[in-house]
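Thanks for coming. I will go through one structure today, starting with the ligand and then moving to the chain contact.

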Amino acid sequence: MLVIENLVKKYGSFTAVDKLSLRLDTGDIYGFVGPNGAGKTTTMRIVATLMRATSGTVKVAGIDVAEDPMAVRGKLGYMPDFFGVYDNLKVHEYLDFYGSCYGLSVNERKKRTDELLELVELSDKKDSYVDALSRGMKQRLCLARSLMHNPELLILDEPASGMDPRARIEMKGILKALGSMGKTILISSHILPELAELCTSIGVIEKGRMVYSGRVDDLMSRLTGKTLIRIRVLSDAEKAVRLLREQPRIENITGEANMLELEYTGNEEEMSGLLRLLVTEGIPVVSFTKAEGNIEKVFMEVTKGEDEVLQ
Amino acid sequence: MRMRFYNNPVLSSELKIRMRGWKTALGIISYLGVMVFIAFLYYITFIQSSLDWNRSVNANQQAGISIYTMLAVLQFILILLVTPAQTAGSISSEREKQTLDLLLCTQLSSFGIIIGKLLSSMSHMLLLIVSSLPLFSIIFLFGGVTPGDMIMLFSFYIITAIAVGSIGIFFSTIFKRTVTATVVTYLTMFALGLISIILSAYLMNIYYLHGGSASYVPFPLYINPAAGLANILQNQISGGSGGILGLGTGYQTSFWIYNSITMLVIAGLLVLISIIRINPVNRLFSWKKNS
Ligand SMILES: Nc1ncnc2c1ncn2[C@@H]1O[C@H](COP(=O)(O)OP(=O)(O)OP(=O)(O)O)[C@@H](O)[C@H]1O
Ligand SMILES: [Mg+2]
């Protein structure tokens, strides 16, 4: 459905996207994760035919975006990270307008408008003015707008940014529904857990390069066998760190002041041995807890080495 | 996909918004009101006082022609003043409102967007021009001006509006901010007008120095709509003697036509550049392929 090969985008001498490759099959929901400035928006804008690539190819449903952008536009719906709405337009007129920009007939527009307002739960706002909607509602409306021409591929640039937790959950529900309709979706976010739940695959991009790309299941399995331990001491934190460094199966000791965090691959028995060691060495341990490993941690791990390309 | 000219979504949506509510109607009424008021004042202060000692048919005609000229110039100035303000924001304001990308990623062609924007931002002006027709027709009662004269004048108005409007659109695609685009549009118009007059005067001088005596119009006048208007009014009123704006020699009946063509060619070029400029993937005529 979407094939990106060796995509490069340069702004002057600055390389925003560096030899990025990516492949989405029909029905895939691909999460695009990366820190600010990683190149997510740049990549998505190139796919959405709003920008020209410096080199590399992008094909949507087999059509090259550089060769026939008009045909590509008919196949994809794009929701930008920042967008505005026209004042003076009512919700249904707004959708109707964009429908006509895609060349839909009056009847098709009416039908799509009703269907999509239903989908994004804005049916009761049909006659409200667009600029009177809340931010979350505007985002749902913009999503509906990108679906007017029933595209096969959706490019969603942080569709849930600036939404409250409840609205995020609702947005996720809508996206899940779209996924079950068989849409192919490329969605970006800074927040990995949000995507992990929704997506079938994840790509992590940093400084314009894909540092990890794979199925969500594979990513999750990187977690197994690793425990995150949090230790709080009253004092002697330095001594504790020195002691811990000498122990096997410990990685990545981090911490500030009297709070330490470390990754441990041993079992529970060995963990209790670790605690005993600290106590017998006279370290005033206040707490020693096993933190639940989370996907954020994996994300940090995956993205920490810029030059070491995983997988 | 077929995007018909008469079914331009940008145009029809904007027209729908404009026709909603009282603003547009109120605008037209107050515009006509001001025009009527000025015409009336003009009539009683200048024409009555100078003519009523000899009220003949001819005097009535003179009054009619005099009011016609005054209204024609007034409306012309209005077109020059209002059109840039309305067109220079048409693309840049989409950019400021962050709606341009949403428009560009639809299947509406760059051509459709620019033409739709040009027509919709000029629609208000065109509406004012058309709705002033009845006011102008009152002058028929005085005699001296024919419906043909009026059609000529109004065609020239519309061409002038298109020319000025396309300068506005052009700068709207160049500058990110509407304020900049608007200011630069006014400055450009002013500069072009001034340069064309000064250059023409200079060329006239040279022409006389070399003893020229045939019909002659300095070429910089062709870009200046003020010259075209002067020519039209001269044709209609004084029989076209004395050159154009005092800057040509001989009788030039059809100058205004060449003036219109020149302006339309320039407008076409500016629109073409605008179309290319807003196309994000910058492929010349890529809209043609699918229409
Ligand atoms: N028009 C531009 N001109 C110059 N540099 C740009 C331009 N647009 C983006 N960049 C640079 O390209 C890099 C990638 O930007 P991009 O917006 O794609 O990142 P992103 O992953 O979407 O970030 P965010 O999470 O903040 O949205 C950034 O370093 C940015 O400064
Ligand atoms: Mg971004």
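How far is an oxygen atom of ligand 1 from an N or O atom in the side chain of T42(A)? The distance is 2.6 Å. Please keep in mind that this is a predicted model.

In N36(A), a side-chain N or O atom lies 2.7 Å from an oxygen atom of ligand 1. On its own, ligand 1 exposes 640 Å², and the protein buries 61% of that.

Now the shell. Ligand 1 is surrounded by 13 residues, and N36(A), K40(A), T41(A), T42(A) and H190(A) are the closest. By class, five are nonpolar, six polar and two charged. Both β2 (14-24) and α1 (40-47) of chain A supply at least two shell residues each. The largest share, three residues, comes from α1(A).

Next, the contact between the chains. Chain A puts in 34 residues and chain B 28. Together they bury about 2800 Å², with 57% of it on carbon and sulfur atoms. There is one salt bridge between the two chains: D101(B) meets R45(A), with 2.3 Å from N to O. Eight residue pairs are in polar contact across this interface.

On the chain B side, α1 (9-19) and α5 (100-104) each supply at least two of the residues that touch chain A. Here α1(B) has the largest share, five residues. That side of chain B counts twelve nonpolar, nine polar and seven charged residues.

Notes
Residues are numbered from 1 along each chain as its sequence is written. Chains are lettered from A and ligands numbered from 1 in the order in which they are written. This is a predicted model: local features need pLDDT of at least 70, side-chain atom pairs count only at pLDDT 80 or more; totals for chains, interfaces and linings use all residues. Side-chain values use heavy atoms; hydrogens and water are left out. Contact means heavy atoms within 4.5 Å. Buried area is the accessible area (1.4 Å probe) that two parts lose on being put together, summed over both. A salt bridge is a side-chain nitrogen of Lys or Arg within 4 Å of a carboxyl oxygen of Asp or Glu. A polar contact is a pair of N or O atoms within 3.5 Å; within protein, one must be able to donate a hydrogen and the other to accept it, and residues adjacent in sequence count only if both atoms are side-chain atoms. Helices (H or I, at least four residues) and strands (E, at least two) are DSSP runs, numbered from the N terminus. Ala, Val, Leu, Ile, Met, Phe, Trp, Tyr, Cys and Pro count as nonpolar, Asp, Glu, Lys and Arg as charged, and the others, Gly among them, as polar. A residue is near a molecule or strand if one of its heavy atoms lies within 4 Å of it. Accessible areas come from the Shrake-Rupley method with a 1.4 Å probe; for residues, only the protein chains shown count as cover.
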